[in-house]
Amino acid sequence: MHHRRVQRTLFRMLFDEDFARQVHEGEAEALAGHDEEEIRLLRTADPVAVSADREDRRRTQALGNLLKELKDKLEELKER
């Protein structure tokens, strides 16, 4: 099992309801690159648990992380 690949797919499922539905329905395109064990894990993940985001904490954290990366990259480019 490639844990990073599963993590990336779960992360996308959090933000993209259509993609999450495709994963749960077993659509080949959504599950491309995953092995059988990963597919079983992703398809059986509780949709309510995957989409749970009390008080938008996950979204807020993800946006904060992205903004920090952008800020850091802009600072790096300024120094060149």
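**View 1. Asp53 sits in the loop between helix 4 (47-51) and helix 5.** Helices here are DSSP runs of H or I with at least four residues, numbered from the N terminus. This is a predicted model, where local features need pLDDT of at least 70, side-chain atom pairs count only at pLDDT 80 or more, and totals for chains, interfaces and linings use all residues. Residues are numbered from 1 along each chain as its sequence is written, and side-chain values use heavy atoms, with hydrogens and water left out. Asp53 counts as buried because its relative accessibility is 15% (buried is under 20% relative accessible area, exposed is over 50%, partly exposed is in between; 1.4 Å probe, protein chains only). Its side chain reaches the backbone nitrogen of Arg58 at 2.7 Å. Asp53 also forms a salt bridge with Arg59, with the closest N and O atoms 3.9 Å apart; a salt bridge needs a side-chain nitrogen of Lys or Arg within 4 Å of a carboxyl oxygen of Asp or Glu. Arg59 itself is partly exposed, at 37% relative accessibility.

View 2. With 0% relative accessibility, Glu38 counts as buried. A polar atom of the Glu38 side chain lies 2.6 Å from the backbone nitrogen of His2. Leaving out residues up to four places away in sequence, Glu38 touches Met1, His2, Arg5, Val6 and Gly33, where contact means heavy atoms within 4.5 Å.

**View 3. Here is the largest nonpolar core, 10 residues in all.** Its members are Val6, Met13, Phe19, Ala20, Val23, Ala30, Leu31, Leu42, Ala45 and Val50. Helix 1 (3-15) and helix 2 (17-25) each supply at least two residues of this core, and helix 2 gives the most, with 3. A core like this is a set of buried Ala, Val, Leu, Ile, Met, Phe, Trp, Tyr and Cys residues joined through side-chain atoms within 4.5 Å. Beyond its neighbours within four places in sequence, Ala45 is in contact with His24 and Val50.

**View 4. Glu27 and Arg21 pair up in a salt bridge.** Their closest N and O atoms are 3.5 Å apart. Glu27 is partly exposed, at 32% relative accessibility, and Arg21 is partly exposed too, with a relative accessible area of 36%.

**View 5. Arg57 meets Glu55 in another salt bridge.** The closest N and O atoms are 3.3 Å apart. Arg57 counts as partly exposed because its relative accessible area is 48%, while Glu55, at 61%, is exposed.

Notes
Polar contact = N/O pair within 3.5 Å; in protein donor to acceptor, adjacent residues only side chain to side chain.
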